Amino acid sequence: MQGLLLGLEEEVFLTEPSRPSLRSLYFLTRLLWREPRFYYAHSDSNFSRGADLRQGMMSGVEISTLPCSSPDALVADLAGRREALASACGRAALVVPLGHLAEGDTPTNTCGLHLHLGGLAEPLRAYRRLARYLPLLALLTANAPFRGGRQWGVSYRMACSYAIGPLRPDPYYRFQDLILARRLGTLEARVFDPTWDLDRLRVLADCALRVVLHGPDIEIDLEDYARLRHQAATAGYTPELAARYRELSAFCPVDERLFAVPPAVVMVDLVREYGIVGAYSALDSAYRGGPLRPGHLPSGRGHPHQVLSGLVGYYLPRLPYKAQKAWREW
């Protein structure tokens with residue numbers, strides 16, 4: 001694995017308590033100005049689009065790691081970024097690692113987890129290898145089991161989000177599950193949902209490394225890929241995905257239960273026991289390093305001046321960077 005680098009971009013919702021508001025920009029302002037040289041490039045804000053704006057303008061926020069040389073270093077870095085984000089929010093918001101909020105039906109209002117692999121000698125070969133196992137690996141983090149307040153499959157985001165989708169013949173096309181990223185020069189897996197569980201992320205990074213180094217170099221069957229990702233998003237661990245697991249385990253030993261019981265299953269149980277807001281509070285607690293059970297709830301919405309502070313202190317200063325980033329990505 002010498003010379004290979006790993007990075008993570010993690011998007012989460014900051015809810016107050018059931019939905020995010022534009023005050024998320026204020027929390028990002030606090031994060032940015034505590035360490036501006038880092039978080040200017042390693043944080044971001046997202047917004048709903050089109051018809052989804054009727055269900056709220058603010059979407060998730062993003063933090064990202066430095067390039068790391070091992071899965072352990074990557075998870076340790078992310079843990080520190082999580083602590084910083086949670087501190088910037090204080091008790092004014094819940095940090096909710098979900099692919100899609102339970103009460104919405106908003107394909108542009110989703111949060112993802114993007115895994116980057118850099119330093120690859122043969123990026124196209126690594127792309128082919130990782131694509132073969134990506135629908136299976138997606139189950140390690142699949143975590144969006146609700147749509148419109150009702151249980152829906154395993155990952156609404158994976159099935160419906162505008163920002164990802166089945167693979168296309170062009171590996172550089174931006175809005176698909178796996179891309180060769182123009183801006184960073186990395187292999188970027190975009191299909192994953194956020195999850196509170198750092199141990200799962202360690203397993204994910206380790207599996208991805210083993211696949212790109214030791215997996216079979218087989219041409220991508222786009223129809224096969226689309227079928228398997230649909231199964232993963234809607235039904236979870238199917239017999240076809242179990243067969244792909246047995247193939248993977250020949251060179252990458254990993255507990256099968258991690259695929260058979262994705263985080264979405266736990267999320268469904270949390271909602272049944274505690275309700276939606278209670279489940280969000282439990283996710284917040286686990287994200288902050290505590291137990292997976294309800295803790296605090298936000299005391300109430302902030303003042304309008306906090307939204308203004310977020311626009312002036314975070315969003316506007318980063319506009320030139322966002323414009324340059326978008327240009328380089330396309």
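Start with the largest pocket, which has a volume of about 780 Å³. This is a predicted model, where local features need pLDDT of at least 70, side-chain atom pairs count only at pLDDT 80 or more, and totals for chains, interfaces and linings use all residues. Residues are numbered from 1 along each chain as its sequence is written, and side-chain values use heavy atoms, with hydrogens and water left out.

A pocket here is an open set of points on a 1 Å grid over the protein atoms alone, where a 1.4 Å probe fits, with protein on both sides within 12 Å along at least five of seven lines; lining residues have an atom within 4 Å of a point. Points are joined across faces, edges and corners, and the volume is the space filled by probe spheres set on them.

Now select Asp44, Asn46, Arg49, Tyr162 and Arg174: of the 37 lining residues, these lie nearest the centre of the largest pocket. Next, colour the elements that give two or more residues to that lining, among them strand S2 (43-47), strand S9 (187-192) and helix H11 (304-329). H11 gives the largest share, six residues. (Helices are DSSP runs of H or I, at least four residues; strands are E, at least two; both are numbered from the N terminus.)

Colour by class and you get 14 nonpolar, nine polar and 14 charged residues in this lining. Asp, Glu, Lys and Arg count as charged, and Gly as polar.

Move on to the second largest pocket, with about 340 Å³ of space. Pick His42, Thr65, Pro67, His116 and Leu184, which lie nearest its centre among 20 lining residues. S1 gives the most here, five residues. By class, this lining has nine nonpolar, seven polar and four charged residues.
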